[in-house]
Amino acid sequence: MLSKSKYCAFSQCPKRLWLQTYKPELSEDNAALDARMETGNEVGDLAMGLFGDFTEVTACKEDGRLDLSKMIEYTRQLVAENHPVICEASFSYEGNYCAVDILRRENGGYAIYEVKSATHEAEIYGIDIAYQKYVLEHCGITVTGTYLVCINSDYVRGEELDIGQLFKIIDMSNGVALEAPLVEGQIKRAEETLAKKEEPDYDIAERCEEPYHCPFWAYCSRHLPEHSVFDLYRLPKKKKFDFYRKGIISYADAMAVPSLSDAQLRQIQFRLSDCGNYIDKGGIQDFLNTLSYPIYFLDFETMQLAVPQFPGTKPYQQIPFQYSLHYIEKPGGELKHKEFLAESGADPRRAIAESLCRDIPMFTCVTAYNRGFECGRIKELAQLFPDLAPHLLNIRDNIQDLLTPFQAGYYYNRAMGGSFSIKSVLPALFPDDPALDYHNLEGVHNGSEAMDLFPRIQDLPPEEQAVARKNLLEYCKLDTYAMVKVWEALLAAVQ
Ligand code: SF4
C-alpha cells in the first residue's frame with residue numbers, strides 16, 4: 001500500500017522507497033528525525049482545533065497499530081453526515097492510502113489542510129497535498145481547496161497561546177496544480193519499483209539531500225573512500241557532486257583542483273601525509289594576548305520550541321536554560337566551576353540573566369567557543385531586562401572567541417578533519433583522554449539531546465527528573481571543561 005509519506009519518498013528517489021520497504025535496517029538511526037516527528041505530532045494535535053470543534057478519526061487494532069480499514073469506514077460515515085471538520089480523515093483508492101490532517105467542509109466540498117511544523121512552504125508539500133487530492137477525488141470527494149498550515153514565525157505569544165496566530169495558512173493551489181498531472185504516473189512508477197526484486201540502480205546525487213537528508217546515505221555512499229570530497233571543509237554541496245560526477249572523489253584526486261581554499265588544501269595535505277601539528281606560534285600568541293586573568297569559560301544550552309511556552313517568546317526562538325562556567329582567577333590558580341540549570345516548565349530567562357550577573361563580574365575576560373551564539377543570547381536577555389542590561393552587555397562585550405586560532409589556521413592537525421567545532425578539535429588535541437570523551441557521558445551527549453530533554457523534564461517522574469538534570473549538568477560542564485583544555489593546549493603550543 002502506498003501512503004503519502006511513501007509517495008514523497010519515491011518523489012525524492014525511487015531507490016529510497018525501495019530500500020525503506022525491503023531493507024529498512026539499512027536506514028541511519030536518526031535522532032533528529034525522531035525529535036522532528038515528536039514536534040510534528042504536538043503541532044498536529046494543536047492544529048486540529050484551528051477551526052473549532054472537530055471529529056478525529058482514530059481506531060487501533062489489538063496490537064496497538066492503526067486499524068486503517070476502520071478509519072476509512074469511519075471517515076466515510078462522517079463525510080456522509082457532512083461533518084464540518086474531520087481530522088486524520090482516512091481514504092484509500094486502489095491501494096493508495098492517505099490520512100488528511102484536517103478536512104474541512106467548504107464551498108460545497110471539502111478542503112485539504114496539511115499541517116507542518118515548518119515555518120514556510122516548500123515544493124515537497126505541494127507534492128504531498130497533490131497525492132492526497134488525487135486519492136480523495138478518486139474516492140468521490142470534491143476537493144475545493146488545498147492549504148498548508150504551518151508555523152507563523154512572527155507570532156509573539158501573549159499570556160495565553162492563540163493558535164489562530166500561531167499558525168498561518170498558505171494556499172497551495174499553484175504547487176498542487178504543478179504536481180497534479182504527474183500523480184497517476186508517479187503512482188504507477190512507484191508500484192513498478194516496488195514490484196521489482198532487485199534494488200533500483202540510482203547513484204548518489206543532489207537528490208540525496210533534497211528536500212531532506214536521505215537516511216540511506218551511508219549505505220548508498222559506501223563506495224566512497226574514507227576521506228573524499230564530501231568531507232572537505234565548507235565545500236558547497238553542488239561542487240561536491242560536480243567533482244564526484246567528474247571522477248574527482250578521493251583527496252588525491254582533489255589535490256589537482258586549483259579552486260580549493262587554503263583550509264581545504266591543508267585538510268588534504270595533512271591527511272595524505274601526516275604532518276603532525278601545524279602550529280603558528282605568532283598567531284596563537286597574538287590570540288592569547290587578547291585574554292587576561294581572571295579568565296572565564298562560558299557555554300549555554302538553549303531550547304527551540306515550535307510552540308512557544310512562555311509569554312513574549314516566538315516559535316523556534318532560542319531560549320537559554322542552562323550554562324556552565326569554569327574560571328581561573330590568576331596564573332597557576334585553581335580551576336573553579338559554577339553552573340545554572342533552570343526549572344523545566346518555567347520561563348528560565350530572568351533567572352539565567354540574574355545568575356549570569358551574579359557569577360560573572362563586569363570587565364572580566366570571558367571566552368566562548370563560537371562567541372556569536374553566546375553573545376546573541378546575552379544581547380536578547382539584555383533587551384528583555386533593561387535593569388540588567390548594563391551588566392549583561394558588559395559581559396557580552398568582553399567575550400573572546402576560542403574558535404579564532406583554529407578558524408584562522410594557527411593550529412591544525414589531521415584529526416580535526418577540516419572541522420573547527422569543539423567536538424572535532426577536542427579529540428584531535430586529546431585523543432586518548434576518557435575524561436574528555438562525550439561518548440562516556442550518560443544520557444546527554446550533544447546540544448540537540450540537551451535541547452530535546454530539557455522541556456520534557458517537567459513530565460518525567462521525580463526520580464527520572466533528578467537523573468535528567470544530573471545528565472544535563474554533566475554534559476554542559478564537560479563543554480566548558482573542554483574549553484579550558486583547549487586553552488591549555490594553546491598555552492602549551494607557544495611554550
Ligand atoms: S541516499 Fe540518495 S541514492 Fe540512496 S536512496 Fe537516498 S536519495 Fe536515493
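Q: Which residues in α5 meet which residues in α7?
A: Happy to start there, with two notes first. You are looking at a predicted model, in which local features need pLDDT of at least 70 and side-chain atom pairs count only at pLDDT 80 or more, while totals for chains, interfaces and linings use all residues. Residues are numbered from 1 along each chain as its sequence is written. Helices (H or I, at least four residues) and strands (E, at least two) are DSSP runs, numbered from the N terminus. Two residues are in contact if their C-beta atoms, placed from the backbone, lie within 7 Å. On the α5 side you will find Glu123, Tyr125, Gly126, Ile127, Ile129, Ala130, Tyr131, Lys133 and Tyr134. Their counterparts in α7 are Gly175, Val176, Leu178, Glu179, Ala180 and Val183. By class, the contact of α5 with α7 holds 10 nonpolar, 2 polar and 3 charged residues. Here Ala, Val, Leu, Ile, Met, Phe, Trp, Tyr, Cys and Pro count as nonpolar, Asp, Glu, Lys and Arg as charged, and the others, Gly among them, as polar.

Q: At what angle do the axes of α5 and α7 cross?
A: Axes are lines fitted to C-alpha atoms, for helices over the stretch in contact, and angles run from 0 to 180 degrees between N-to-C directions. For α5 (residues 123-138) and α7 (residues 173-195), the crossing angle is roughly 55°, and the axes come within 8 Å. That angle is why α5 is called oblique to α7. The scale is this: under 35 degrees is roughly parallel, over 145 roughly antiparallel, 65 to 115 roughly perpendicular and the rest oblique.

Q: Is the crossing of α5 and α7 right-handed or left-handed?
A: A crossing is left-handed if the near helix is turned anticlockwise from the far one by less than a right angle, and right-handed if clockwise. α5 and α7 make a right-handed crossing.

Q: Which residues are closest to the ligand?
A: For a shell like this, a residue counts if its C-beta atom, placed from the backbone, lies within 6 Å of the molecule. The ligand is surrounded by 13 residues, and the closest are Cys13, Arg16, Cys208, Cys214 and Cys220. The most come from α2, with 3 residues. By class, the shell has 9 nonpolar, 1 polar and 3 charged residues.

Q: In what order do the 6 strands of the open sheet stand?
A: Strands of a sheet pair through backbone hydrogen bonds, either parallel or antiparallel. Two strands pair if DSSP finds at least two bridges between them. Here the order is β1-β2-β3-β4-β5-β6, with mixed pairing. β1 (55-56) and β6 (167-171) are the edges; each has a single partner strand, so one side of each lacks a neighbour in the sheet. Further in, β2 (residues 85-93) runs antiparallel to β3 (residues 96-106) over 8 bridges, and Ala89 has Val100 in β3 as its bridge partner. While you are in β2, look at Glu88: its phi is near 60°, a positive value in a residue other than glycine.

Q: What order has the open sheet of 5 strands?
A: It reads β10-β9-β8-β11-β12, again with mixed pairing. The edges are β10 (335-341) and β12 (399-401), each with a single partner strand, so one side of each is left without a neighbour in the sheet. On average, neighbouring strands of this sheet are turned by 30° against each other, direction ignored. Helix α13 (residues 349-359) packs on the sheet and touches β9 and β10, its direction making about 15° with that of β9. Helix α14 (residues 371-384) also packs on the sheet, touching β8, β9, β11 (365-368) and β12, and its direction makes about 155° with that of β12.

Q: How many bridges join β8 to β9?
A: There are 10, and β8 (residues 295-304) and β9 (residues 318-328) run antiparallel. In the hairpin of β9 and β10, Gly332 has a positive phi near 75°.

Q: Where does Pro211 lie?
A: In the loop between α7 and α8. The peptide bond from Glu210 to Pro211 is cis, with omega near 0°. Another cis peptide bond joins Tyr293 and Pro294, with omega about -5°; Pro294 lies in the loop between α12 (281-288) and β8.
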